[in-house]
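Have the viewer open as you read.

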Amino acid sequence: LGWHLVGKLGADLSKLSGGELLDISFRLPEQAGIDMLETALSKGADIHAENSNRMNALLQAVYLQRNDLLVRILDLGGDPLQVTSYDRHEELPKESALSFAEATNEEGALTIIRSHLARKEAEAALKSMNTLAL
């Protein structure tokens, strides 16, 4: 919780590498982890930095069963179908967050990812319909 408080007190969280930011966020209790991620991003931190990106964060969220951060990272533009590797946990294979959730049978993560994909498909269809209507 110390890092969370340091961030709230105005520390320059944008200087953290993507990996450091995610490691700290995932180690904090649920709401504190989300707050840390939000605060750091609002201060200009980039979770794409240093071999860490939104997809790696998605894989880590599924792996650690942190559905709170899974939802937030999806909201920030994470793509659960993007293929990538996560080099800090060798047991995480090079695959999508969706296939990883399916392989580990993480029902909560599967539900969240599938509903996210369904929402994205619906948004794309609506955008396409609106374009055609013009």
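The chain has seven helices and zero strands, with helices (H or I, at least four residues) and strands (E, at least two) taken as DSSP runs numbered from the N terminus. This is a predicted model, so to speak of local features takes pLDDT of at least 70, side-chain atom pairs count only at pLDDT 80 or more, and totals for chains, interfaces and linings use all residues. Residues are numbered from 1 along each chain as its sequence is written, and side-chain values use heavy atoms, with hydrogens and water left out.

**Whole chain**
- Of the 134 residues, 42% count as buried, meaning under 20% relative accessible area with a 1.4 Å probe, protein chains only.
- Take the contacts (heavy atoms within 4.5 Å) with a separation of 6 or more: 66% of them come from residues 24 or more positions apart.

**Nonpolar core**
- The largest nonpolar core holds 30 residues, and Leu 21, Val 62, Leu 70, Ile 73 and Ile 113 touch the most other members.
- Such a core is a set of buried Ala, Val, Leu, Ile, Met, Phe, Trp, Tyr and Cys residues joined through side-chain atoms within 4.5 Å.
- Elements giving two or more residues to this core include α2 (18-27), α4 (54-63) and α7 (107-133).
- Beyond its neighbours within four places in sequence, Ile 113 is in contact with Val 62, Leu 70, Leu 74, Pro 80, Ala 97, Leu 98 and Ala 101.

**Ser 96**
- Ser 96 sits in the loop between α5 and α6.
- Ser 96 counts as buried because its relative accessibility is 10%.
- The Ser 96 side chain reaches the backbone nitrogen of Ser 99 at 3.0 Å.

Technical notes: Buried < 20%, exposed > 50% of the residue type's maximum accessible area, 1.4 Å probe, protein only. Polar contact = N/O pair within 3.5 Å; in protein donor to acceptor, adjacent residues only side chain to side chain.
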